[in-house]
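Q: I would like to go through this structure with you, piece by piece. Could we begin as soon as it is on the screen?

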Amino acid sequence: MYAERVVSGMRPTGRLHLGHYHGVLKNWVKLQDEYPCFFFVADWHALTTQYDEPQSIAQHTWDLIIDWLAAGINPNQATIFIQSRVLEHAELHLLLSMSTPLGWLERVPTYKDQIEKLSHKDLTTYGFLGYPVLQAADILIYRANLVPVGEDQVPHIELTREIARRFNHFYGREPEFEAKALEAVKKLGGKRAKLYLELRTRYQQNGDDEALAQAKAMLEEAQSLTLGDRERLYGYLEGRHRLILVEPEALLTEAAKMPGLDGQKMSKSYGNTIALREEPEIVTKKVRTMRTDPARVRRTDPGEPERCPVWQFHKIYTDATCHQWVQEGCRTAKIGCLECKQPVLDAILKEQAQFRERAQPYLDDPSLVRAIVADGCEKARKVAQETMRDVREAMGIDYT
């Protein structure tokens, strides 16, 4: 069995804002302490909608990585890389597209939705229709078993599972599987090989779960096996064929509902964002001019926090004591809107100071970012190349 691994990516469409941080990056920072994580800039995905204006993608890519580092993504813990620099993504995408039914792609919930939302662009392209296959390749090439997503992205993970299942069905039944498995058994060494076969017999003939667990533990510890041989032996042990591509699970994340300055969802297209590394004077102006409860025309008018976008910011940035102060003060008009905004502003400025401090070394010396990406691409490429060797071998197209 393959080790637990997390993979996730972002399209480089511009500087990140607080919605990205509280919705995604804060969770990534937590995950990097719990799992081996692969975080990539999905620059090829950006081309699915920006194919006619790709010039900005390069700069957005470097800005995005600096924003990640500013948010607390640690290159000593997580692997940070750029999708297009690991060419195996494209190769696996091509091979998976050969066996992925067209109907599966046409039924993706976001396909027609995005075409309607971006009606000013011609998205009736092969690349846009096939982007879920590229997304599947991004995940499957690292044999990641966990993908952090919100509920709206679960259908994409299920499609990835179906693509992996179909691929394994066609190609997991490799020719001479048993002979190759027995050759792999020999690599365990005499005593371990004999024990493995005994445990396999106990499990398959008697349903002995303890024997299965013992055999799996032995395979996990075996240093003499390649990943391909290890998977053959797992399959041979359990009476199934070899697993080539891992079916990932959606790791549901509870994203903070970060509103924009106008109460809508925070989005660059709405012009209601606070960038991750905004200048303090700009943040101050934006917060102080935020919309509030329309019922509070005058300072003496009572208001209702639930109708006010500022209250949504309080839920993210301030504590229970402050919440009580806001609820009581707003409804009785004991506090004004500028007073109410001040604790939120203080918290955002404090948070942003940390972001800017982390980002500054990389802004001063861009070669540091290039070095992090080069190292991350090399690590990602090694894993991707190993997967592709197994994929080509399973498909019978490894001509070496």
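This is a predicted model: local features need pLDDT of at least 70, side-chain atom pairs count only at pLDDT 80 or more; totals for chains, interfaces and linings use all residues.

Q: How many helices and strands does the protein chain have?
A: The secondary structure of the protein chain comes to 18 helices and five strands. Its C-alpha trace spans about 85 × 50 × 45 Å along the principal axes.

Q: And what percentage of the 400 residues is buried?
A: Buried residues make up 50% of the 400 residues. As for contacts with a separation of 6 or more, 77% are accounted for by residues 24 or more positions apart.

Q: Back to helix 11. What should its 17 residues span, and how far apart are its end C-alpha atoms?
A: At 1.5 Å a residue, helix 11 (residues 190–206) should span 24 Å. The end C-alpha atoms are 24 Å apart, which agrees with that expectation.

Q: Which residues of helix 11 are buried?
A: Ala193, Tyr196, Leu199 and Arg200 are buried. Viewed down the helix axis, the buried residues fall within an arc of 130 degrees, so they line one face of helix 11. An α-helix has 3.6 residues a turn, so residues three or four places apart point the same way.

Q: Which residues are exposed on the other side of helix 11?
A: On that side, Gly190, Lys191, Lys194, Gln205 and Asn206 are exposed.

Q: What do the buried residues of helix 11 pack against?
A: They pack against three helices: helix 10 (177–186), helix 12 (209–221) and helix 13 (227–238).

Q: Take helix 12, then. At what angle do the axes of helix 11 and helix 12 cross?
A: The two axes cross at roughly 150 degrees and come within 8 Å. Angles over 145 degrees count as roughly antiparallel, and helix 11 and helix 12 are therefore roughly antiparallel to each other. Helix 11 passes helix 12 in a left-handed crossing.

Q: Which residues make that contact?
A: From helix 11, the contact involves Arg192, Leu195, Tyr196, Leu199, Arg202 and Tyr203. Helix 12 contributes Asp209, Ala211, Leu212, Gln214, Ala215, Met218, Leu219 and Glu221.

Q: Is Arg143 buried or exposed?
A: Arg143 is buried, with a relative accessible area of 2%.

Q: And what about the phi of Ala333?
A: The phi of Ala333 is positive too, near 60 degrees, in a residue other than glycine. Ala333 is found in the loop between helix 16 (320–331) and helix 17 (337–364), and it is buried at 13% relative accessible area.

Q: Lastly, helix 8. What is Ala136 in contact with, leaving aside neighbours within four places in sequence?
A: Ala136, in helix 8, is in contact with Leu96, Thr160 and Ile163 once those neighbours are left aside. The relative accessible area of Ala136 is 0%, so this residue is buried.

Q: Where is His93, and why does His93 count as buried?
A: His93 is in helix 4 (residues 88–97). Its relative accessibility is 19%, and buried means under 20%. Beyond its neighbours within four places in sequence, His93 is in contact with Gly130, Val133, Leu134 and Ala137.

Conventions
Residues are numbered from 1 along each chain as its sequence is written. Side-chain values use heavy atoms; hydrogens and water are left out. Helices (H or I, at least four residues) and strands (E, at least two) are DSSP runs, numbered from the N terminus. The expected span of a helix is 1.5 Å times one less than its number of residues. Buried means under 20% relative accessible area, exposed over 50%, partly exposed in between (1.4 Å probe, protein chains only). The arc is that of the directions from the helix axis to the C-beta atoms. Contact means heavy atoms within 4.5 Å. Axes are lines fitted to C-alpha atoms, for helices over the stretch in contact, and angles run from 0 to 180 degrees between N-to-C directions. Angles under 35 degrees count as roughly parallel, over 145 as roughly antiparallel, 65 to 115 as roughly perpendicular and the rest as oblique. A crossing is left-handed if the near helix is turned anticlockwise from the far one by less than a right angle, and right-handed if clockwise.
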